[in-house]
Amino acid sequence: MTTPAAPAAREGSNKTDQETQADPEAVRVLARLEDVDARLRLSGRQLRDLAPVASQWLARGYSAPEITDAVVQGLPANVWAPAKIVADRLTRKLPAPRRKWRAYAECADRCGRLLPAGQDSGQCGVCAGTTPAPFLQELAAQALQELDAHSADAAPDVKAHADGLRNILRSRRLGVTA
């Protein structure tokens with residue numbers, strides 16, 4: 001089995017330093033490998049070339065210590081090509097993305113609803129007033145079904161239907177069950 005060559009070992013690359021934009025966090029993680037094991041000293045170019053692979057680790061939710069452990073653990077006694085070893089370990093041991101857990105809302109009434117995607121804290125949409133409550137969504141779905149059930153010739157009595165929905169909402173607010 002052949003190990004992948006380190007990106008820095010490739011010949012014929014005409015990219016200048018300005019063309020290669022490396023993730024600064026990934027470069028920082030790779031530069032600190034030398035602090036853990038002096039044999040893993042990487043040049044500036046090697047750091048920039050290996051940064052995209054380290055960025056994949058960071059994008060998948062892994063921390064700098066986890067990346068460092070994956071690279072440093074079980075190194076051979078002699079390290080002759082640190083860039084190749086780092087490149088091999090970063091690509092070969094690249095884990096699957098971590099699962100992102102959804103957070104619960106911090107509403108005053110402790111409603112227990114999940115937050116919308118992309119929101120890490122705060123109130124849920126229902127308590128904030130931006131999303132209709134689930135029972136209102138059910139009522140709207142029922143109303144649409146009733147409208148679809150009517151034939152095309154018979155015009156529905158919209159005012160009577162709206163009055164009926166208002167009465168249902170009032171009775172739920174007051175705690176009266178029908």
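Leaving aside neighbours within four places in sequence, Leu33 is in contact with Leu40, Thr68, Val71, Val72 and Val86, where contact denotes heavy atoms within 4.5 Å. The model is a predicted one, in which local features need pLDDT of at least 70 and side-chain atom pairs count only at pLDDT 80 or more, while totals for chains, interfaces and linings use all residues. Residues are numbered from 1 along each chain as its sequence is written, and side-chain values use heavy atoms, with hydrogens and water left out.

Leu33 also belongs to the largest nonpolar core, which has 24 residues and in which Leu30, Leu33, Leu40, Leu42, Val86 and Leu90 touch the most other members. Such a core is a set of buried Ala, Val, Leu, Ile, Met, Phe, Trp, Tyr and Cys residues joined through side-chain atoms within 4.5 Å, and buried means under 20% relative accessible area, exposed over 50% and partly exposed in between, with a 1.4 Å probe and protein chains only. Two or more residues of this core come from each of α1 (24-31), α3 (44-59), α4 (64-72) and α5 (82-92), and α3 gives the most, with six residues; helices are DSSP runs of H or I with at least four residues, numbered from the N terminus.

The structure holds one aromatic pair. The ring centres of Trp57 and Tyr62 are 5.9 Å apart and the planes stand at 70°, so the pair is edge-to-face, given that rings of Phe, Tyr and Trp (its six-membered ring) pair if their centres lie within 6.5 Å, with planes under 30 degrees apart counted as stacked, over 60 as edge-to-face and the rest as tilted. Both Trp57 and Tyr62 are buried.

Asp37, in the loop between α2 (33-36) and α3, counts as buried at 13% relative accessibility.
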